[in-house]
Amino acid sequence: MQAPLKSLSVSSSKANGKVFNFVFENIFKISLIATIVSLGLIVLYICFSGFKLFDTVNPLNFFLGKDWEPVSENKFGILPMILASFYITVASLVLSVPIGLGCAICAAELAKGPYKKLIQISVQILAGTPSVVFGLIGLAVVAPWVQGLAQVPGLSILAAVIILSIMILPTIVSISQDVLQSVPKEMKEASLSLGATHFQTIMKVVLPVAQSGIVTAIVLAISRAFGEAMAVKMVIGNIQTMPNFSSQYWYGLLSPARTLTTNIIGDIEYAREGPHLEALFATGSVLFIIIMIVNYVAYLFRSTPKRTKK
Amino acid sequence: MSTLRESTLNNNSNDRIFVYSSEGICTRKNRLKEQLGFAALWLSSFLVLGVLLTTLIYIFAKGGKQAFSLDYLLTPPEGGRNDQGGILYPLVGTIYLIFGSILVAAPIGVFAAIYLREYADPESAFTKCARFAIDSLAGIPSVIYGLFGLAFFVSFLEFKHSMLAGSLSVSIMILPVIIRTSEEAINSIPQSYRDASFALGANKVQTIFKVILPCSLTGIFTGLMLSVGRAVAESAVLILAAGGSITSLPRLFGGSYPFVMPDSGRTLAVHLYYQATSYDNPDKVFATAVILIMLVLVVNLLAFVGLSARQTIKQKNK
């Protein structure tokens, strides 16, 4: 750290320095303003392009319509997509939260030395793996498996749920592990000294203390699952009709579907200027608003101070 | 704790007492519960490891052989859907994307982090607004960035579907990553360094460029590598904003507007998507996947090296 200090020139005149300070402070400030402006532009462009749709299409038909026939019949109903988006998000959470949380507890409390490192590195690799690679695995492995499971086309909600639940694992594991490890040692020791077993300590002391952090991890996972586009697009079939929720189709799991994100990715290739493109932007606005609400909930949980009983 | 009371009451009865690893006394019932619980926990960690390992092994087994031949890397794609060539153009596109997005996002991100840490009043409305913007940008899904790129860069600024439009959209996406990691790096510099610099007569800008930036360089490097990883892995944004042309080598400079990276192009991730969904040659998909995974791994490894370098510096300072 001495090297930069030695080469520091003190000889520059004070007036010169003041100008420099002023100029650079403003450059730094403008960079930060640019960040704020980009968020503003995103909101502006997505929502304005989307709201134009409502000049020609009744909002009720957009939100509650069951048919999406943008080219032939000018029908823009996104209800099936909203339902499908929520469905796959909830289903992948059901699959992913117990495993992810278990893995996080194992890494934070039980695993030691190289095995703990191994879990951490694997989670890092999973987090960095591109979503298209997961989509490829879905196409090559999961979809054929689903096809063999029940005589249906493999591209289905179930395949998407399996792939999504793998993709949100690292979010759940890494954040919960951090939170679990930050639980004060004294609390654990107090519980152990009262005669509780290690498992009782985990269930009754560590988990309750880490509660808000774990909820944050889950909410962030919801946000990631809801916004994922490419991997889901590759395995869900992208059919715009209402998913078949009958018991014959395992309450929807075996039927193909289309989510809000895959609607955008799938239709953008042939959407022309006009209501079709506007409808895709409107879909984007719906997605954006839902994600912002979810993120706000995560923010609320993160900023809640931890309850410490005195 | 009812179970605890139960275990002490049971001391006199037939139930035997176990001393469990000197951490407490427990009954057989509690011990069984503990063993079952721990088995479930270990099992879930095996599951996570297993999923990752099988994924990696499967992909490498299917595509490894093809991927490690220079031939595949350096021949242009040809044959359309039959996919007979290599991945030269997507590779070039990926390099463009990395440099294009980092060159834009790195200065803005690092400068914004400097402003947040060295100038801004943490309680002011402006700072809170900036923090809200950074948090929100970090949470927006990539499709939205793609739609924005399509509406703003492609249509409004008339960049057309080009690598430039794609890179700029991605650079907004990676901004929050760079700002957060740089901020953390700057934050970990002890106040005494700044005081020492000021005491030597340096002004604020000199202190920032000659003390704070050099000291936080490894942290900033980690942030940059993490964002390169995200850019390489990104596909939705680029499909929407950069198009998917693959017929010729994308140019770096063009004669007419928008001058820099004016051609539509694919990155490896986008090429993988098209290979997987609409091409007929399954072997090559896995080869591309191997290359992509290796690239992301190397970048993440570099980030990790930066991170551990920072930690050793920290320990030295203590």
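Visitor: Is Leu180(A) buried or exposed?

Guide: Leu180(A) counts as buried because it has 21 C-beta neighbours inside 10 Å; a residue is buried if 20 or more other C-beta atoms, placed from the backbone, lie within 10 Å of its own, exposed if 12 or fewer, and partly exposed in between. This is a predicted model, in which local features need pLDDT of at least 70 and side-chain atom pairs count only at pLDDT 80 or more, while totals for chains, interfaces and linings use all residues. Residues are numbered from 1 along each chain as its sequence is written, and chains are lettered from A and ligands numbered from 1 in the order in which they are written.

Visitor: Which element is Leu180(A) in, and what is it in contact with?

Guide: Leu180(A) belongs to helix 7 of chain A, where helices are DSSP runs of H or I with at least four residues, numbered from the N terminus. Leaving aside neighbours within four places in sequence, Leu180(A) is in contact with Ala104(A), Ile105(A), Ala108(A), Glu109(A), Val206(A) and Ala210(A), contact being C-beta atoms, placed from the backbone, within 7 Å. Its C-alpha atom is also separated by 9.0 Å from that of Gln211(A), 31 residues apart along the chain.

Visitor: How do helix 4 and helix 7 of chain A pack?

Guide: Helix 4 (residues 79–110) of chain A packs against helix 7 of chain A at an angle of about 40°, with the axes 6 Å apart; axes are lines fitted to C-alpha atoms, for helices over the stretch in contact, and angles run from 0 to 180 degrees between N-to-C directions. That makes helix 4 of chain A oblique to helix 7 of chain A, since angles under 35 degrees count as roughly parallel, over 145 as roughly antiparallel, 65 to 115 as roughly perpendicular and the rest as oblique. By class, this contact has 22 nonpolar, 7 polar and 1 charged residues, with Ala, Val, Leu, Ile, Met, Phe, Trp, Tyr, Cys and Pro taken as nonpolar, Asp, Glu, Lys and Arg as charged, and the others, Gly among them, as polar.

Visitor: And how do helix 4 of chain A and helix 2 of chain B cross?

Guide: Their axes come within 7 Å and cross at roughly 105°, and helix 4 of chain A and helix 2 of chain B are therefore roughly perpendicular to each other. The residues making the contact include Ile99(A) and Cys103(A) on helix 4 of chain A, and Phe38(B) and Trp42(B) on helix 2 of chain B. By class, this contact has 12 nonpolar, 3 polar and no charged residues.

Visitor: How many residues of each chain are in contact overall?

Guide: There are 84 residues of chain B in contact with 79 residues of chain A. Helix 2 (residues 28–67) of chain B gives the most to the side of chain B that touches chain A, with 17 residues, and the residues of that side divide into 59 nonpolar, 19 polar and 6 charged.

Visitor: Changing topic, which residues other than glycine have a positive phi?

Guide: Among them are Asn238(A), with phi of about 55°, and Glu158(B), with phi near 55°. Asn238(A) is in the loop between helix 11 (230–235) and helix 12 (260–267) of chain A, and counts as partly exposed with 18 C-beta neighbours inside 10 Å. Glu158(B) is in the loop between helix 6 (142–156) and helix 7 (163–187) of chain B, and is exposed, with 10 other C-beta atoms within 10 Å.

How values were computed
Two residues are in contact if their C-beta atoms, placed from the backbone, lie within 7 Å. Helices (H or I, at least four residues) and strands (E, at least two) are DSSP runs, numbered from the N terminus.
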